[in-house]
Amino acid sequence: MDGDHTLATHAEKPATRRDFLYVATGAVAAVGGAAVAWPLINQLNPDASTLALATIEFNLSGIEEGQSVTITWRGLPVFVRNRTQAEIDEAKAVPLSELKDPETDEERTKPGHEQWLVMIANCTHLGCVPVGESGDFDGWFCPCHGSHYDTAGRIRRGPAPLNLVVPPYEFLSDTLIQIG
Amino acid sequence: MSEHSTYKPANGVEKWIDDRLPIIRFSKEHLMDFPTPKNLNYWWTFGAILAMCLGIQIVTGIILAMHYTPNVAMAFDSVEHIRRNVNGGRVIQAVHAVGASMFFAAVYIHIFRGLYFGSYKAPREILWIIGVFIFILMMATAFMGYVLPWGQMSFWGATVITNIFSAIPIVGDPILQLLRGGFAVDNPTLNRFFSLHYLLPFVIAALVVLHIWALHVPGNNNPIGVEVKSSRDTVPFHPYYTMKDAFAMVVFLIPFAWFVFFAPDILGHPDNYIQANSQVTPTHIVPEWYLLPFYTILRAIDFNVLFIDSKLGGVIAMGGALLILLVLPWLDRSPVRSGNFRPMFRWFYWLFVLNFIVLTYLGAQPAEGIYVLVAKFCVAYYFLYFIVILPVLSRIEVPKPLPASISESVLGKAHA
Amino acid sequence: MIKKKTIIAVLALAGALFAGPAFAQEEEAGGHGAVHIDKQSWTFAGIFGTYDEHQLQRGFQVFREVCANCHGARLMAFRNLSEPGGPGFSEEQVKALAAEYQIADDTVDGGMRPGIPADRWPSPFASDQEARDANGGAIPPDFSVLAKARGVTDAFPFWAFNYFTGYQEGGVDYIRALLVGYHDEPPEGFELPAGRFYNDYFPGHAISMAPPLFDGAVDYVEAEGEAAVPETVDQYARDVSAFMMWMAEPHLVSRKETGFRVLLFLVVFAGLMWATKTRIWKGIEH
């Protein structure tokens with residue numbers, strides 16, 4: 001009665017209906033698998049408490065001219081420097097042709113707020129934190145591998161390939177910036 | 001087993017692989033062509049359901065471990081962090097917590113199916129024994145997992161259960177300190193429980209491989225308990241049982257999802273939402289429901305037996321209740337496997353099931369008054385079933401006539 | 001014969017599956033098991049339940065103006081108040097609210113700074129010891145998950161139904177009852193220790209918390225288009241209980257929404273699997 005167990009016994013059944021059922025079941029299973037897989041992967045993404053700190057506000061009013069502070073943004077150190085007029089002039093005087101990673105001082109600051117320099121404080125070489133007000137160009141010097149940055153945080157000498165990175169930020173008022 | 005093999009390497013590459021690591025051949029023999037009795041009922045789908053449960057627990061557990069902090073100061077808050085902040089964390093955590101209950105629900109069904117259909121009898125003793133070890137490891141894993149959220153029930157459950165070891169004469173206290181890594185349950189305990197809770201599921205997975213290996217030597221038992229006689233009695237595992245098992249898994253996921261999404265905390269205890277506090281004990285310490293029958297057995301021994309005091313007696317009884325399963329194949333000597341053909345056995349079996357449910361109920365009740373007395377009767381029946389009833393039934397019971405084969409049985413059913 | 005046995009087996013196993021956890025649950029309420037607590041109708045109860053935004057906003061007002069003077073909520077961040085499925089405050093409102101609070105921060109001068117939405121709700125006391133000293137030896141429990149850390153006991157066999165109705169509101173039922181359960185004088189013959197207050201629903205009846213609410217204690221800010229809400233102890237108790245449930249289970253709404261999709265999928269998939277399995281087994285006697 002049931003000597004043959006292979007699917008071939010069902011061959012006399014309408015093939016299209018059978019195929020449709022199998023394909024539909026398989027498709028629904030695939031959709032279900034994908035729907036389960038996504039949350040299992042997505043849980044690796046930054047969680048809500050991390051994302052809540054992705055954008056921070058920082059009040060500049062406590063920083064005197066010639067001072068800089070290091071704050072934390074997205075787990076990274078960020079330099080905020082209130083530059084002196086001499087530093088600004090020095091940065092503006094450098095011709096682009098002398099730069100390894102050509103960028104004007106204006107491109108690295110916000111119009112009307114040229115004294116403020118906001119940069120991620122990791123050397124673009126291998127990530128050390130450079131030392132401020134030092135180096136051959138009066139800016140920053142990275143002691144790890146000897147990269148020199150100028151007063152606009154641009155790379156001038158040493159192994160680092162790029163200028164110190166300016167994070168996305170904007171002025172909410174004259175003394176309040178929002179980073180991120 | 002190789003006699004079932006119909007595998008012919010389809011091309012040169014497969015042949016090259018087959019000569020070196022015959023993994024395709026192995027998969028085909030064991031996952032696809034494996035001859036399986038064609039009369040298995042839905043109780044037999046719980047093996048596959050359990051494999052799925054283990055997979056779910058391991059996957060969700062690895063994820064939770066990515067966000068959890070095994071430190072007494074932070075454990076409680078880190079579990080809440082998972083629920084509140086991690087993407088999809090509320091559901092992933094609930095799947096793991098509800099999953100433990102569903103896992104045990106399935107394993108109890110699986111065990112009671114084996115008890116009814118005599119699946120522990122020759123030649124499947126080793127298969128059964130491996131299963132008992134898996135069950136014991138599951139309980140240990142679940143217990144340590146319940147400690148990790150570091151709520152009040154976590155802490156006091158850990159305190160009470162580790163204290164079991166202090167009942168051992170002479171070496172009890174040193175063992176207790178060794179287990180806890182201190183004089184009381186504290187940060188070292190939490191840390192090592194986390195480590196072991198992560199490790200043991202992989203040990204379980206290894207035992208599951210052995211369990212399936214031991215299954216594939218004699219092949220499946222079946223509802224009539226008559227061994228496979230010819231290929232007419234079997235169907236290949238795939239697609240017949242892959243699809244039947246898959247259907248059962250999906251159905252099993254429906255109540256699972258109900259709890260996860262609509263009542264994720266109903267299987268837990270509200271006290272575990274209170275952070276652990278070594279100064280205050282909850283009014284009633286209640287283990288998770290799946291440990292209750294054994295908890296009742298532990299508590300039921302409140303009297304000394306000869307030189308064994310009640311505390312040690314309780315521990316021996318609880319351990320014995322599990323270990324006696326290991327020798328079950330030699331206690332039940334009836335040549336008939338399936339309870340369907342054992343008229344007397346059936347009564348005692350269902351009484352045993354009822355008794356087990358009552359043991360579960362009693363575990364959640366305070367140890368006072370009538371509950372203590374009933375617990376003693378239930379514990380007595382639990383042991384009598386194995387030590388006296390099954391051996392005696394083997395001798396006196398007259399089984400019903402068995403069908404000659406599975407084919408005859410299913411044909412008879414079809415014509416009835 | 002086979003059918004009857006199967007039915008018995010199914011019933012027995014279903015009994016074991018549902019009764020086991022139920023037995024464990026039955027003890028949940030601990031010491032106050034003997035006191036009957038009236039179940040309330042909550043908008044977030046049942047499988048279709050969702051939070052009432054206005055109620056959560058009112059409850060937050062009660063929490064902030066009354067409870068938060070003594071009780072912390074260390075797991076709730078300000079930002080949660082504007083997240084979907086919650087009280088529905090705007091991000092600007094939350095930002096302004098957070099700025100009203102001083103947050104301990106070792107990285108700034110003076111160790112304190114105004115709060116931002118990412119901050120957690122500040123605790124009213126710096127340490128447990130300080131909390132104990134200020135409250136006659138009792139620490140006011142943290143509110144973060146308190147609504148899930150309490151429960152009510154249902155008599156046999158009614159707890160069994162909870163597994164099918166998904167009843168999860170024992171905590172709020174208890175909290176609401178507690179808040180309206182105060183008496184000025186203990187019943188005759190009851191020895192009330194000094195510094196304690198008589199409450200019908202607190203285990204042992206002698207609670208350290210003075211009655212926190214009185215009629216008119218909080219002047220509700222009514223949302224636009226919202227009907228006037230009575231400013232009574234009963235209403236405050238309901239609102240703050242609902243708020244505490246949200247605080248303990250902020251993702252309840254999205255969890256249930258996902259649940260419907262998952263259950264629908266599983267039912268459809270189970271149907272297809274059944275059809276596939278049946279089709280494959282057709283012609284096999286088994």
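## Confidence in chain A

Over residues 1–12 of chain A, pLDDT stays under 50. The model has 24 contacts beyond four places in sequence for this stretch. This is a predicted model. For chain A, the mean pLDDT is 89. In that chain, 92% of the residues reach 70 or more.

Confidence can also be read by element. In chain A, it is lowest in helix α1 (residues 15–42), at a mean of 91. It is highest in strand β4 (residues 116–120), at 95.

## The sheet in chain A

Strands of a sheet pair through backbone hydrogen bonds, either parallel or antiparallel. In chain A, three strands form an open sheet in the order β2-β3-β4, and the pairing is antiparallel. At the edges stand β2 (68–73) and β4 of chain A. Each has a single partner strand, so one side of each is left without a neighbour in the sheet. From one strand to the next, the twist averages 25 degrees.

Strand β3 (residues 76–82) of chain A is joined to β4(A) by five bridges. These two strands run antiparallel. Arg81(A) has its bridge partner in β4(A): Leu117(A).

## The annotated site in chain C

Which residues does the UniProt annotation "binding site" cover? The unreviewed entry gives Cys67(C), Cys70(C), His71(C) and Met209(C). They span 143 residues in sequence, yet no two of their C-alpha atoms are more than 10.9 Å apart, so they gather at one spot.

Take Cys70(C) next. Its place is in the loop between α2 (53–65) and α3 (91–99) of chain C. Leaving out residues up to four places away in sequence, Cys70(C) touches Pro124(C), Phe125(C), Asn135(C) and Pro140(C).

## His71 in chain C

His71(C) lies in the loop between α2 and α3 of chain C. Is His71(C) buried or exposed? At 8% relative accessibility, His71(C) counts as buried, because buried means under 20%.

His71(C) touches Phe63(C), Pro124(C), Pro140(C), Pro141(C), Phe143(C) and Met209(C), again leaving out residues up to four places away in sequence.

## A histidine pair in chain B

His30(B) is placed in helix α2 (residues 23–32) of chain B. With a relative accessible area of 11%, His30(B) is buried. Its side chain is joined to that of His216(B) by a polar contact of 2.7 Å.

Terms used
Residues are numbered from 1 along each chain as its sequence is written. Chains are lettered from A and ligands numbered from 1 in the order in which they are written. This is a predicted model: local features need pLDDT of at least 70, side-chain atom pairs count only at pLDDT 80 or more; totals for chains, interfaces and linings use all residues. Side-chain values use heavy atoms; hydrogens and water are left out. UniProt positions are given in the numbering used here, feature names are shortened, and annotations may be inferred rather than shown by experiment. Helices (H or I, at least four residues) and strands (E, at least two) are DSSP runs, numbered from the N terminus. Contact means heavy atoms within 4.5 Å. Buried means under 20% relative accessible area, exposed over 50%, partly exposed in between (1.4 Å probe, protein chains only). A polar contact is a pair of N or O atoms within 3.5 Å; within protein, one must be able to donate a hydrogen and the other to accept it, and residues adjacent in sequence count only if both atoms are side-chain atoms. pLDDT is the predictor's confidence in each residue, from 0 to 100. Two strands pair if DSSP finds at least two bridges between them. Axes are lines fitted to C-alpha atoms, for helices over the stretch in contact, and angles run from 0 to 180 degrees between N-to-C directions.
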